Amino acid sequence: MSFGPPPSPYTQSALTADNERRRRRTRLFGIVAAVLVVALCAGGWLLMHANGDDGPAKKAVAAPQAPDEIRETVERVPRTPEGELVVEYGEEKFKDDETRYAPGTWATDKIFAKGIKNQLMGFKFGEWDKKAWTIELDGHICATTKHVTADGRTAVVVQPAKRKGTKDASVCDEVVFVDLDTGKKLWTATMPDAKSAYVTNTNLTMARGTVAVAWGNGSVAYGMADGKQLWRSTGVTTCEDKGFAGGRSLLVLLRCGDESEHAYRVQKIDPRTGKPQWTYKMTKNISEVYLPSSDPPVIAIGAGDYTVTDLITLDDHGRHSATISMKGGRFDPMCGSSFDGTQYFGAMENCYALVVGKDALFVASKDDGEIDQPANWIVAYDVHTGKSLRKFDGRPLQPLWPVKMNGDQLLAYRPSADTVGPAAVVSIDPATGKQTPFLFFNLPDGTTRMETPEWSDILFEHGRAFFSPRQLSASAAHPDDPVPAAIGIGNVR
């Protein structure tokens, strides 16, 4: 992919051959089942919510959504938290020192979908590594969005090298809108005057009925229904459109002034017209800005550094509500996919250790590596006042990572540990701190690097947990073995 030398790839242990993998699955989930018997007998109260009527499923009720709204799925507590493998895919035939970038991870109730290099691929559950569909793109993926519409559509931006007839075309000016369930391209659009759009500065998002792209020197929005242009920036002002945050609303990050005296602004804009509804101006001397949430508006800033030093929350009118300090080195929201401050693959909205709810945000502390203490913890902060509300501890050797909101509950992931127990997806009630299990499982051998949000996308959608690294490289010890690219876990039926 033509955007300069890649960051140093991490080495993963390779998967074994297919027959051995089938045998390992049997052993793996047999072990998990045995662990579950012990765990659930020791803590039988956990099952009260799995089969009762007073658990999170009652609190979290999904409102009906229009097809072109951004999906907000509410998960139901499963009958049993025992998990089984439903997707396992490995990439093959790596060249020496080859790194394959793998941006984009999505799931619906029917399909798990993944982006790798210049392809999108979909997998049905329970068919292991068999692809349900493959979309060959015109070039490498430049930017993705985490958002999916209520009817299962999403967008990517690519380098259209094939269309331009050259292998090293680096401009990212092609938007592709796809149906994840069917694997069909719904429309393709060429971004106007996007000669300066590259993988390092192109950001993509979606709000209701709208797909929006920004690349610093310009921005453009398209209608989901037909791919027709809705609006575009003129490029004649002193402010650059650095990126968007979508979902319930649409925010744009503006960088104004020259390189030495720049300042950032955040605007809420109408998704269909691009007209601003309010503007929030930030102080100078800010090195990096991310937009992890559009509603409620949350801004993650690096004041004098590329790491996040503060979280700023705004009210519905764009007025400052609170500033939550991340200084001191204890917390790391893991914003962006930054290497020396450079964002790759449209990371404006991605803070992998931060989840924002309607009234509270949840941020994870760093894993301190202590053996006899909780590995880390999650702290809930009131988005209106910035005050800390509650602390949720991980376990020794098992950090706790926020995954997504589930109504007014938080879904979090706890990795496995050999001497402690299996991995788990749990629902946390912010009001009481009580944890209710959604899934218990262990990941297959050679996939432990998938368990940290620093390296891997971690999703939970329609009762299934998914793990997928953002970049892939072959094991030096086993260069011919498949490289783990996606794992999916579902409930035992």
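How many of the residues of strand E11 (residues 203–207) are buried? Five of its five residues are buried (under 20% relative accessible area, with a 1.4 Å probe and protein chains only), and the strand is mostly covered. Strands here are DSSP runs of at least two residues, numbered from the N terminus.

The model is predicted: local features need pLDDT of at least 70, side-chain atom pairs count only at pLDDT 80 or more, and totals for chains, interfaces and linings use all residues. Residues are numbered from 1 along each chain as its sequence is written, and side-chain values use heavy atoms, with hydrogens and water left out. The protein chain averages a pLDDT (the predictor's confidence in each residue, from 0 to 100) of 85, and 85% of the residues score at least 70. Over residues 2–58 the pLDDT is below 50. Beyond near neighbours in sequence, this stretch has 108 contacts (heavy atoms within 4.5 Å) in the model.

In a regular strand the side chains alternate between the two faces of the sheet. In E11, Asn203, Thr205 and Ala207 are buried on one side, and Leu204 and Met206 are buried on the other. E11 runs antiparallel to strand E12 (residues 210–214), joined by five bridges; strands pair if DSSP finds at least two bridges between them. Leu204 has Val213 of E12 as its bridge partner. The two strands form a hairpin with two residues between them, and Gly209 in the turn has a positive phi of about 75°.

Elsewhere, Val420 lies in the loop between strand E30 (409–414) and strand E31 (423–428). Val420 counts as partly exposed because its relative accessibility is 40%, between the buried limit and the exposed one of over 50%.

Technical notes:
Helices (H or I, at least four residues) and strands (E, at least two) are DSSP runs, numbered from the N terminus.
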